[in-house]
Amino acid sequence: MSTELLFLISLVAGFIGAMSGMGGGVVLIPALTFFGMDIKHAIAVSIVSVIATSSGAASAYVRDRITNLKVGMFLEMFTITGALVGAAITLAAAQRPLFIMFGLVLLGAWVALFLRRDAMPQAFTRQDAFTRWLELEGQYDDQAAQQTVSYHGRRAYFGGPLMFGAGLIAGLLGIGAGALKVLVIDLVMGLPSKVSTTTSNLIIGVTALAGTSVYLAAGLINPGLAAPVILGVVIGALIGTRLLVRLTNRAVRLFFLIVLAVLGVEMLLRGIRGGL
Amino acid sequence: MNQSAQAESREKAQSEAGGGLDIETLIGYILLGGVLLSLALLLTGLSWHWVMTGHLRLDFLIAKTNLFQFVRADIGQALSGDWRPGLLIKLGIAALLLTPYTRVLVSMFYFALVERNWKYTVFTGVVFSILTYSLLLQ
């Protein structure tokens, strides 16, 4: 695959990833394998690029004081362990189950996106003792609503172990698995969605690093291929973030529902049929 | 609360957190600096390779290694004056991998020395240890 093509694919993947909020990996890996890259190399190069997009975005959110660092640092213990296990499974696995897993995760993301309501009301439940002990609470300035929002997390004893699963999928498939992390922080731990998305972003960087370490040790990281992919994904993501505000939410959602369905079915079929 | 009051309360919170440099600012700039450095190295390396060879194709695998050996080998090559496009690209990848790692290390020291919060010193210590272990894998 030529470097120019690699850059172009990554640019499009980063763009779609940022626009949809789902990250670049879900488009990047199917596209790279479509153009003939071995799926394990595609996963390895993708997870390195995830570090760049996640850290870049997180740097702004952290300085804006929306990210909850304590929530992030507590949950990271679980996601990095999951990522190490996931990446180790990928190394040992055959190609076909990886395609099938990827297809299933894409279709799962499709269902989640299809069912998503725009604002999920948070029923207030009492904070449990463990979550209080973990100091998982905070406040942030909501600039759109011009008010300070205070919040208390809950059920950290449940959220932590679930994040192991999110980390496992991230390491296994070379994606950020941000949607899954947001789901846990938002629905299970009850944090406001702005805090969930930005905190998930912070966690994705170290989780991807843990996965990368396994692929690096296995000799799967190719700097010559990683360089254009990283540059492409980051530039694509920057453009996607800028454009996001100009498109209506509905158009983005519909567009991404189609992309996810096509990629999911395609990956699944390639895994089932063999002949990758 | 109006915006100026918000800004005021934020400033107050910042000064209470100890001087002008709080953990959010510190982490924010570590992440930003690391990613920008990495992108600059990758872009320079690729451009240099293109100028020298007239094409962009650059395909080389890193032999099975861990991050610390990888960084040491790159720095050794840089110090010996053997500068090539490939070296810049390898340094760019190393800078990227070291970015979240540094973030965790700095957070650990911040929780231990500035906030004196033992719980979070232990948590970030666990994260740092697991990462260090995994980055030593071979």
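1. The number of salt bridges between chain B and chain A is three, where a salt bridge is a side-chain nitrogen of Lys or Arg within 4 Å of a carboxyl oxygen of Asp or Glu. A:Arg65 forms one with B:Asp22, and the closest N and O atoms of this pair are 2.3 Å apart. The model is predicted, so local features need pLDDT of at least 70 and side-chain atom pairs count only at pLDDT 80 or more, while totals for chains, interfaces and linings use all residues. Residues are numbered from 1 along each chain as its sequence is written, chains are lettered from A and ligands numbered from 1 in the order in which they are written, and side-chain values use heavy atoms, with hydrogens and water left out.

2. Between chain B and chain A, ten residue pairs are in polar contact, with both residues at pLDDT 80 or more. A polar contact is a pair of N or O atoms within 3.5 Å; within protein, one must be able to donate a hydrogen and the other to accept it, and residues adjacent in sequence count only if both atoms are side-chain atoms. On the side of chain B that touches chain A, at least two residues come from each of α1 (3-16), α2 (23-53), α4 (85-114) and α5 (118-136) of chain B. The most come from α2(B), which gives 13 residues. Sorted by class, that side of chain B has 34 nonpolar, 13 polar and ten charged residues. Here Ala, Val, Leu, Ile, Met, Phe, Trp, Tyr, Cys and Pro count as nonpolar, Asp, Glu, Lys and Arg as charged, and the others, Gly among them, as polar.

3. In terms of contact (heavy atoms within 4.5 Å), 57 residues of chain B meet 56 residues of chain A. The two chains bury about 5000 Å² between them, and 70% of this lies on carbon and sulfur atoms. Three residues, B:Glu24, B:Arg103 and B:Tyr120, supply 12% of the area that chain B buries against chain A, more than any other three residues. Buried area is the accessible area (1.4 Å probe) that two parts lose on being put together, summed over both.

4. Chain A holds eleven helices and two strands, in the order α-α-α-α-α-α-β-β-α-α-α-α-α along the sequence. Its radius of gyration is 18 Å, close to the 19 Å that the globule rule gives for 276 residues, so chain A is as compact as a globular protein of that length. The radius is taken over C-alpha atoms, and the rule is 2.2 Å times the number of residues to the power 0.38. The C-alpha trace of chain A spans about 55 × 40 × 30 Å along its principal axes. Of the 276 residues in chain A, 58% are buried. Of the contacts in chain A with a separation of 6 or more, 80% are between residues 24 or more positions apart.

5. Chain B has five helices and zero strands; helices (H or I, at least four residues) and strands (E, at least two) are DSSP runs, numbered from the N terminus. Buried residues are 45% of the 138 residues in chain B. Among contacts in chain B between residues at least 6 apart in sequence, those joining residues at least 24 apart make up 65%.

6. B:Ser134 belongs to helix α5 of chain B. With 0% relative accessibility, B:Ser134 is buried, a word used for under 20% relative accessible area, with exposed over 50% and partly exposed in between (1.4 Å probe, protein chains only). A polar atom of its side chain lies 2.9 Å from the backbone oxygen of B:Leu131. Leaving aside residues up to four places away in sequence, B:Ser134 touches A:Leu84, A:Ala210 and A:Ser213.

7. Most residues other than glycine have a negative phi. A:Arg65 has a positive phi of about 60° and sits in the loop between α3 (39-63) and α4 (69-92) of chain A. A:Arg65 counts as buried, at 18% relative accessibility. A:Arg155 has a positive phi of about 50° and lies in the loop between β2 (147-152) and α7 (156-173) of chain A. A:Arg155 is partly exposed, at 31% relative accessibility.

8. Helix α2 (residues 25-34) of chain A is mostly covered, with nine of its ten residues buried. Among the buried residues are A:Val26, A:Leu28, A:Pro30 and A:Thr33. Just after α2(A), A:Gly36 has a positive phi of about 100°.
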